Amino acid sequence: MISDDLTQLTIKEASRLLRLGSISSADLVTAHVQRIERIDPKVKAFLRFTPEVWEKQADEADRNIREGTARPLAGIPLAVKDVLCVRGVETTAGSKILGGFKPPYTATAVQRLFDAGAVMIGVTNCDEFAMGSSTENSGYFPTHNPWDLDRVPGGSSGGSAAAVASGEATIALGTDTGGSIRQPAALCGVVGMKPTYGRVSRYGLIAFASSLDQIGPFTRSVDDAAVVLSLMAGFDPLDATSSDRAPMEVLNNFGGGVKGMRLGVPREYYDVDGIETGVKAAIDAALFILQRAGAEIVDVSLPHTDYGLAAYYIIAPAECSSNLARYDGVRYGMSEEDAPNITEQYMQVRRKGFGAEVRRRIMLGTYALSSGYYDAYYLKAQKVRTLIKRDFDAAFEKCDAIVSATSPTVAFPIGAKTQDPLSMYLCDVLTLGGNLAGLPGISVPCGTSEGLPVGLQILGPQWGENLVLRVARAYEQASEIHPEVADIASPDARRATND
Amino acid sequence: MTDWEVVIGMEVHVQPRTRSKMFCGCSIAELNDPPNTHVCEVCLGLPGVLPVINRAAVEAGLKTALALSCEIPRHTKFDRKNYMYPDLPKGYQISQYDLPLSVNGYLDIGERRVRIRRVHLEEDTGKLVHAGDKLHKARESFVDLNRAGVPLMEIVSEPDIRSAEEARDYAMELQTLLRTIGASTADMEKGQMRAEPNISIRREGSSELGVKTELKNINSFRALFRAIGYEVERQRKVIEDGGTVVQETRGWSEAEQRTFSQRSKEFAEDYRYFPEPDLPPLELDREWIEELRAALPELPSVRRARLLEQLPARQVAVIGGDRYLADLYEAAVAKGAPAVATANWIVNEVAPTGKLPSPDYLYELMRMLNEGNLTRDQAREVQMEAIETGRTPAEIVAEHGYSQVSDESELRVIAEAVIDSNPKMVDDYRKGKTQVINALVGDLTRRAPHANRNVARDLLTKLLT
């Protein structure tokens, strides 16, 4: 039996063992598969597994390692969110409407990780079309938080966060439209990073809201996040919104620490409605650690924060209402052979194929774009978006990076918010500003509240990934808080990791 | 009874000459290519794919805008036009809404200046093929997405056109212009150019616009002319019978030679336009625009004015309306071919065939005709064969043994025979009815088909006086 310890490693640790010849890529995959067999029936992070992919990729990684041509991610187990297309692998965006769809192409970001030697383990669960903050909106089943199986892992990339948090994959990919990487990373106690809009190609990412979506990594260390992100980053001729601006400097001097840096704490974020005292305490502790590490903590303001949520819930649904129009049951995915005519087919397929939250957002977005309402809703929301950007511009004149909680709360019980969409929308209140402004942000674990992980969010200016990573790494080192892997085997997992 | 004034604005869709589609690398299908053979994940609208702007299409749009004297704003962008239809794989068409590629140009049609409101870029939709003639009656419908994503320029005029003739002339002039600048082959029959007139009528002297109808399914200049004629009459009757014209889209039926109601604007779609988030706004490089402006060839209106200095208006109307004919004419004349005779030949013997000889061949042909070595009928055959085989006219003439008999001594015997067999006509001629000479020349060329008519005429005249 291959040691379960192999499922606890960072990229750096696993790569060292692989290169020393202590383990093979096949061993690493086997360790993960065995763990998945044991715990995924409880966590339910994965929708599908991809043995046909991992066998080939692990073989190739082992051959490259033997021949001394190993690439940066050679042999590293990777989990991929169900919104990222992989050639020949069923990709459904967590939706029944795409059941059976096997894309004839691979998303650029995923392909770049494959090219770097990563080994794909499987496809992770998510909220349908990435719409949600708990993964309960999956068209298939909810995912459970590895630290407390009765609670949600966050969302929409809940499956990816849970997979890394529970030792089912070394790294995972998610997408972040309003907080869908950072919030589940916080709730599951792992590192999650959303890059600057345009940093990573969106080609092959099944769109939710095109002007907000970005792909990013879940990892067990800040260094790992930097490595994975840098491998995906850069212009892609297939995505006109991707860019080569301000390339990332990886494994370089973002270990420079925070001494002399000014870190801004927006009062609107610090005192946000509904923030739990335990979360606030963890953030206070984190600020103290950063200060002790040499940073100056300054007070900043993002005055339009309150309007951000409203603007987001107009812009994102507006774009989604258009992006999801193509799912008509004619060319791929779910079909309705018995419909009497084409209009009826559209209606039946979309009624059956889309879940309640997706339908709600299509309705909201369609309404917001309709003639007579466009100016009052969509156009006004775009103006608010400009104001939010200016808020951040002004804040970054006073500080180098912004720090706050990632989520106002720790993981909540499954079912707690499903009947109240607005309370679910409030989960994103601290993260969606970064999407509206297109900024890079990361969530790193910063202790626990009631035994559940709390995340510290660090936001940087546009193209400021190096800076964000530097602050995150400084915090990680100074706090000595490193992501742990939840031990699902123990019935008392939650208490075991408390304090 | 008051007179009616016709008011027409034109929306013309033109397929720019590009190798690939508007937003992907797919090649452009020929008219009869098998369905769904020019498609990829992008133009099929599969999940997760993104559009990338075709630079060649933007260039064709800019050239067109410049040739129409349009203003080109610094910022332009693409928008989504949302509606669901089986030929629209994404559920939206990428088009341009409030910041088009260009605005405020004009095109002169004779004395009439037609203002151009805008020229913008968009993508075409696919095609539905119904088993049966109408969608709701069809048992099955098929979708061909070869055309989905093919680039289109939409050229929208102000309602400055006042008759079916003007509308047709506008479309023809636009075609000439597009071909001249190389922006499009603009063949209406192949669907590379589609004209959709917006038509209304009003009492002469009124300044208010009437209710308009928009006509679709027009596949030729002739159809454009007839469809407008029909529609104007229809609207006139509706109003004169006390009714009101309904704002709607009407289709032209070529088979029935009438328009029929397709879609009432009362149930107008709400297209929910919004900026295409997958494409960054297009910031047009001024230098590029100036390069394109500098590289524009002589425009048809300018060329026509120049040709009018050499040729009669009737010939300029034909030659000046076709870039390829005008190029041929000028190249042949530059080699030394006689201007009017060459123009005449092009108008009567080249334009109707639709097949162009090379300027070298045309020059050679004109020289042989001019020197009296070839009859017109022979020249026509030589031209056809030269185009088909690529051999020079001289070679063909030599091979066929074509040549005109221009030597008087060879014709004298035949001329004397003609005079002997037509005593009545000879008598008439000598009494002063000199026009009978034509009949005599005719008789001579029947007996000797290769005879040069001018030499024959001179010879007969000499023998009779």
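This is a predicted model: local features need pLDDT of at least 70, side-chain atom pairs count only at pLDDT 80 or more; totals for chains, interfaces and linings use all residues.
**Chain A, overall**

Then I turned to burial: 64% of the 499 residues in chain A are buried. For contacts in chain A with a separation of 6 or more, I found that 77% come from residues 24 or more positions apart.

**Chain B, overall**

The C-alpha trace of chain B spans about 90 × 55 × 50 Å along its principal axes. Of its 465 residues, I see 40% counted as buried. Among the contacts in chain B with a separation of 6 or more, 69% join residues 24 or more positions apart.

**Where the chains touch**

How many residues of chain A are in contact with chain B? I found 37 of them, in contact with 25 residues of chain B. I then asked which elements of chain A give two or more residues to this side. They are α10 (305-323), α11 (342-353) and α12 (356-369) of chain A. The most comes from α10(A), which gives 3 residues.

I sorted the side of chain A that touches chain B by class as well, and noted 23 nonpolar, 8 polar and 6 charged residues.

My next stop was helix α10 (residues 376-389) of chain B, which packs with helix α11 (residues 393-400) of chain B. Their axes are 9 Å apart, and the angle is about 120 degrees. That angle makes α10(B) oblique to α11(B). I noted that the crossing of α10(B) and α11(B) is right-handed.

Which residues make the contact? From α10(B) I listed V382(B), E385(B) and A386(B), and from α11(B) P393(B), I396(B) and V397(B). By class, the contact of α10(B) with α11(B) has 5 nonpolar residues, 1 charged and no polar ones.

I then followed helix α12 (residues 408-421) of chain B to helix α15 (residues 453-464) of chain B. Their axes come within 10 Å and cross at roughly 60 degrees, and α12(B) and α15(B) are therefore oblique to each other. The crossing in which α12(B) passes α15(B) is right-handed.

On the α12(B) side, the contact is made by E408(B), L411(B), R412(B), A415(B), E416(B) and I419(B). Facing them from α15(B) I wrote down V455(B), A456(B), L459(B), L460(B), L463(B) and L464(B). Sorted by class, the contact of α12(B) with α15(B) has 9 nonpolar and 3 charged residues, with no polar ones.

Conventions
Residues are numbered from 1 along each chain as its sequence is written. Chains are lettered from A and ligands numbered from 1 in the order in which they are written. A residue is buried if 20 or more other C-beta atoms lie within 10 Å of its own, exposed if 12 or fewer, and partly exposed in between; C-beta atoms are placed from the backbone. Two residues are in contact if their C-beta atoms, placed from the backbone, lie within 7 Å. Helices (H or I, at least four residues) and strands (E, at least two) are DSSP runs, numbered from the N terminus. Ala, Val, Leu, Ile, Met, Phe, Trp, Tyr, Cys and Pro count as nonpolar, Asp, Glu, Lys and Arg as charged, and the others, Gly among them, as polar. Axes are lines fitted to C-alpha atoms, for helices over the stretch in contact, and angles run from 0 to 180 degrees between N-to-C directions. Angles under 35 degrees count as roughly parallel, over 145 as roughly antiparallel, 65 to 115 as roughly perpendicular and the rest as oblique. A crossing is left-handed if the near helix is turned anticlockwise from the far one by less than a right angle, and right-handed if clockwise.
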